[in-house]
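Take a look at the model below.

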Amino acid sequence: MKWLWIITLALLLGLQYRLWVGEGSLGHVAQLKQQIQEQERENRRLAERNRTLTAEVIELKQGLETIEERARQELGLIKDGEVLIQLSGE
């Protein structure tokens, strides 16, 4: 009878150890849930960025106005016959 109690106690301690320490423990599961939440936030941010870039690509494919605007803003290009006037902020 005494050995039965010892074996039962050893099994209980083994299960408790597994519950509180190591892989699959409550702490480990909580950490994994936190990582999932962080990854979901990052995925949402990247999905929004992808939507913005997709819209920009579609716009660039469809119209020359967008290309002209980008060339003017980013490269400082002007059309033939135009005069560039720069204003200083002084």
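## A10 and its setting

A10 counts as partly exposed, because its relative accessibility is 47%. The classes are buried (under 20% relative accessible area), exposed (over 50%) and partly exposed (in between), with a 1.4 Å probe and protein chains only as cover. A10 sits in helix α1. Helices here are DSSP runs of H or I with at least four residues, strands are runs of E with at least two, and numbering starts at the N terminus. From A10 to I85 the sequence separation is 75 residues, and their C-alpha atoms lie 86 Å apart.

This is a predicted model, in which local features need pLDDT of at least 70 and side-chain atom pairs count only at pLDDT 80 or more, while totals for chains, interfaces and linings use all residues. Residues are numbered from 1 along each chain as its sequence is written, and side-chain values use heavy atoms, with hydrogens and water left out.

## Overall form

The protein chain has three helices and zero strands. Along the sequence the pattern is α-α-α. The radius of gyration is 32 Å, well over the 12 Å that the globule rule gives for 90 residues, so the protein chain is more spread out than a compact globule. That radius is taken over C-alpha atoms, and the globule rule is 2.2 Å times the number of residues to the power 0.38. Along the principal axes, the C-alpha atoms of the protein chain fill a box of roughly 105 × 40 × 10 Å.

How much of the protein chain counts as buried? The share is 3% of the 90 residues. The protein chain exposes about 8700 Å², and carbon and sulfur atoms supply 60% of that area. Accessible areas come from the Shrake-Rupley method with a 1.4 Å probe; for residues, only the protein chains shown count as cover.

## Helix α1

Helix α1 covers residues 2-20. Its 19 residues reach 27 Å from first C-alpha to last, close to the 27 Å expected at 1.5 Å a residue. The expected span is 1.5 Å times one less than the number of residues. Zero of the 19 residues of α1 are buried, so the helix lies largely in the open. Just after α1 comes G22, with a positive phi of about 90°.

Y17 belongs to helix α1. Y17 counts as exposed, because its relative accessibility is 55%. Y17 and Q39 are 22 residues apart in sequence, and 29 Å separates their C-alpha atoms.

## The nonpolar patch

Which residues make the nonpolar surface patch? They are Y17, L19, W20, V21 and L26, and the patch is about 530 Å². Patch residues have over 30% relative accessible area and no salt bridge; nonpolar side chains (Val, Leu, Ile, Met, Phe, Trp, Tyr) are joined within 5 Å, like charges within 9 Å. Helix α1 gives the most to this patch, with three residues. L19 lies in helix α1. At 34% relative accessibility, L19 counts as partly exposed.

Side chains of opposite charge can pair when their charged atoms come close. The structure holds two salt bridges. A salt bridge is a side-chain nitrogen of Lys or Arg within 4 Å of a carboxyl oxygen of Asp or Glu. One joins R45 to E42, with the closest N and O atoms 2.7 Å apart. R45 and E42 are three residues apart in helix α2 (residues 26-62), so about one helical turn separates them. R45 is partly exposed at 46% relative accessible area, and E42 is partly exposed at 30%.

R51 and E48 also form a salt bridge, at 2.7 Å from N to O. Both lie in helix α2, three residues apart, about one turn of the helix. E48 is partly exposed, with a relative accessible area of 41%.

## The coiled-coil record and helix α3

An unreviewed UniProt entry places a "coiled-coil region" at residues 29-70. UniProt positions follow the numbering used here, feature names are shortened, and annotations may be inferred rather than shown by experiment. In the model, residues 29-70 are 98% helix and 0% strand, and the end C-alpha atoms are 49 Å apart.

Helix α3 (residues 64-75) has twelve residues, which should span 16 Å at 1.5 Å a residue; its end C-alpha atoms are 15 Å apart, which agrees. G76 follows α3 and has a positive phi, near 70°.
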